[in-house]
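Come and read along with me.

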Amino acid sequence: MKLPGGLARRLLLRVLLFSLCFTVLASAVQLYFEYRREMRDIEARLELIRVGYLASFERSLWDLNQEQLNVQLHGLVDFPDIAQARLRSADFNLMQGSESGRGPLRVERFALAFQPPDGERRELGELEVSIDLGAVYLRLLHGGLASLLWMGVFLCGLAVALSWLFHSLVTRHLRRMADFVRGLTGGDLGTELALDKVRSGEDDEIDTVADALDGLRRALRAELRRREADREALQSTRDELQRRVERRTASLRRAKEEAEAANRAKSRFLATMSHEIRTPLGGILGMAELLRAAPLGEQDRRRLQALSTAGEGLLAILNEVLHFAKLEDGASQPEPVDFSLRRLLDDVVTLLEPRAQDNGTVLRLRVDPQVRDACRGAEQFLRQVLSNLVANAVKFTEEGEVLLEVAVLASDEAGQRLRFSVTDDGIGISSEQQEKIFQRFTQASDEVARRYGGTGLGLAISKRLVESMGGEIGVESLEGEGSTFWFEIALAPGVVPSATAIVECSPALEVLVVEDVALNREVAQALLERDGHRVHLADDAEPALALAASRRFDLILLDMHLPGMSGLELCRAIRGQAEGRNVRTPVFAFTASVQPGMVRRYFEAGMQGVLGKPLRLEQLRRALAGVTGDAADETVDSGPLDHRVLDTHRRLLGEHKLAELLDSLWRLIDQQWPLLLDALRQDDAVEAASLAHRLAGSCRSMGLRGLGDCLGELEEAALAGASLMGWTDKLDREKAVVAELLKSTPA
């Protein structure tokens with residue numbers, strides 16, 4: 001007989017397990033009751049001895065009849081399970097039975113006393129009866145095993161019978177159904193489901209399932225026939241549809257190629273727009289910087305300051321326009337700085353007063369006396385928003401009034417929440433246009449666009465900047481009566497920077513400026529010569545290499561976008577010159593591309609710093625002061641962190657972007673560190689050198705000098721074939737030191 005499988009086997013195992021448990025439990029209960037019965041029998045025999053035998057023992061002992069006593073003791077030993085009987089008295093010590101029982105003994109003692117007819121009752125001795133419990137336990141064991149055996153055999157047979165019955169009634173039919181379903185999935189829809197069973201008058205559950213499966217087969221076959229008919233019906237139109245698809249595909253391919261061409265053109269435009277616009281803008285700001293030293297009146301000096309500030313704002317707006325064009329959501333992050341709110345408002349009003357006067361419009365400023373002057377926040381963003389809103393109000397108001405007002409909404413030690421509003425009595429905005437006025441490339445109407453011009457980006461940029469500062473912006477307007485644009489932001493308390501704080505001029509230096517734009521060369525030369533430095537100019541890589549080969553310079557400023565050879569390649573070429581006069585000369589990148597990724601490339605190319613365009617006098621003086629202080633810095637700043645590099649990043653990129661750079665570097669270290677340690681444990685010199693080289697350059701470029709030098713030493717040791725033992729602990733210690741210093745050093 002074949003052993004059933006699947007459900008039947010599991011049923012058999014479960015029934016067997018239940019049977020075993022039940023058998024053990026039932027046997028234990030039966031054994032317990034047998035034990036109780038045996039104990040009752042023993043108690044009955046002891047009671048019989050007490051009632052029926054003690055009196056005769058007492059008479060025989062009183063008569064000192066030893067022979068009778070032995071006969072009586074022998075009679076007790078003949079009782080079931082009594083192993084020994086002993087009589088102790090002053091005259092006798094008699095015993096019958098075995099002295100060693102087969103198991104544990106139960107000893108019962110009976111006191112013997114006799115009362116003569118004419119005297120007092122006297123104690124004669126003691127009768128001791130030992131009951132062999134081992135014999136009782138052995139009988140219980142034999143009986144329990146026999147019961148367990150017979151009950152186990154019965155229940156196991158019942159389990160096997162039930163399992164086989166379940167297999168016959170259920171599981172074998174389920175297997176047939178499973179084979180039938182597999183046939184359906186394989187496409188066999190013609191074979192009916194036939195079970196090896198005789199149907200009775202009433203269908204059971206198996207019959208119901210079998211009928212349902214066979215009904216499914218018939219439904220699938222009908223559906224297949226219907227689909228075949230549909231396919232044949234569609235066949236007649238397929239060729240025409242295919243031709244239409246081919247025509248549409250060709251049309252889409254042409255549209256795709258045109259879109260890709262337009263996208264490439266846009267990308268080229270975006271790639272050059274920043275450099276091309278920043279070049280003349282840098283010249284404007286540079287010339288404004290040079291004019292600061294000219295003898296100007298107070299009014300002209302204020303206008304010059306406003307011009308310079310407007311140029312800075314235009315530079316920031318250019319960045320925002322590029323962000324909108326690239327759809328880089330979240331690309332702008334507000335950079336909190338300390339600033340004077342009153343000075344910012346005065347700059348905005350001073351800048352736009354001439355334009356308002358041209359329109360015959362009065363531009364007024366009203367500031368709540370409770371507004372704090374010293375603030376900390378995104379000063380450049382706030383300046384851009386105010387400039388946009390006031391410029392719009394002046395633009396659309398002729399012979400009227402524009403009011404810039406600042407009010408306090410809430411104030412506490414953490415700062416103030418301020419409401420800035422710009423109110424005009426100009427043309428106004430319709431209610432329909434107010435709902436979309438802050439969208440990109442949107443203006444009040446086509447007529448307004450034709451009359452006043454503009455791109456429609458100013459308000460969209462303003463909304464984005466206000467939201468990036470955690471504020472909200474809105475408008476209230478009536479067409480023909482004027483508008484009020486408002487926004488609310490929170491500003492923390494700050495310290496007003498001193499307007500006269502100027503970096504001291506460094507000693508005269510020999511400086512090489514390599515720049516292909518004449519205006520930028522003129523600005524850089526004028527700013528450097530103003531502080532007494534001797535400037536040498538080159539407009540391309542070839543004359544720059546010739547000058548670098550002929551003499552040593554104290555500083556080299558390299559434009560990164562030179563014709564023919566990039567600034568990075570020129571830096572490497574200068575470092576690799578045979579004459580070697582400027583191998584250790586500080587080289588600064590002179591560029592408008594100060595993004596984190598580009599800055600890292602500058603340092604990896606061997607440069608010591610970056611000067612951003614447009615060039616500012618204060619920034620230039622700080623960089624030159626760092627050049628002249630190199631010798632002192634080598635002894636003072638020789639710890640695990642290179643503070644000069646960190647300060648350069650901080651000056652050019654700001655605190656926020658520097659923190660992002662350090663976080664990015666540390667994530668790279670955390671990713672590569674286990675691989676490096678594993679390479680060291682495996683004594684894989686090639687992999688260890690590769691990983692150490694990659695991490696060392698990044699660490700050094702971000703000012704993590706100690707860790708970078710340690711990784712550099714590991715790279716040299718691995719390439720030289722030295723032992724790699726001990727490097728794991730050394731690297732972990734250096735990494736821990738740098739991590740601790742970064743926690744205590746402001747980013």
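Before the strands, a term: I call two strands paired if DSSP finds at least two bridges between them. Strands (E, at least two residues) and helices (H or I, at least four) are DSSP runs, numbered from the N terminus.

This is a predicted model, where local features need pLDDT of at least 70, side-chain atom pairs count only at pLDDT 80 or more, and totals for chains, interfaces and linings use all residues. Residues are numbered from 1 along each chain as its sequence is written, and side-chain values use heavy atoms, with hydrogens and water left out.

**Entry: the sheet.** I looked up Q84 and found it opposite G97 in β2. Strand β1 (residues 82–89) runs antiparallel to β2, with 5 bridges joining them. What is the strand order in this open sheet of 4 strands? I noted β2-β1-β4-β3, with antiparallel pairing. At the edges I found β2 (93–97) and β3 (105–114), each pairing on one side only.

**Entry: the largest core.** A nonpolar core is a set of buried (under 20% relative accessible area, 1.4 Å probe, protein chains only) Ala, Val, Leu, Ile, Met, Phe, Trp, Tyr and Cys residues joined through side-chain atoms within 4.5 Å. The largest one here has 43 residues, and F420 and L382 are among those with the most contacts inside it. Helix α7 gives the largest share, 9 residues.

**Entry: F420.** Leaving aside neighbours within four places in sequence, I found F420 in contact (heavy atoms within 4.5 Å) with residues including L341, L386, E405 and W486.

Note on methods:
Buried means under 20% relative accessible area, exposed over 50%, partly exposed in between (1.4 Å probe, protein chains only).
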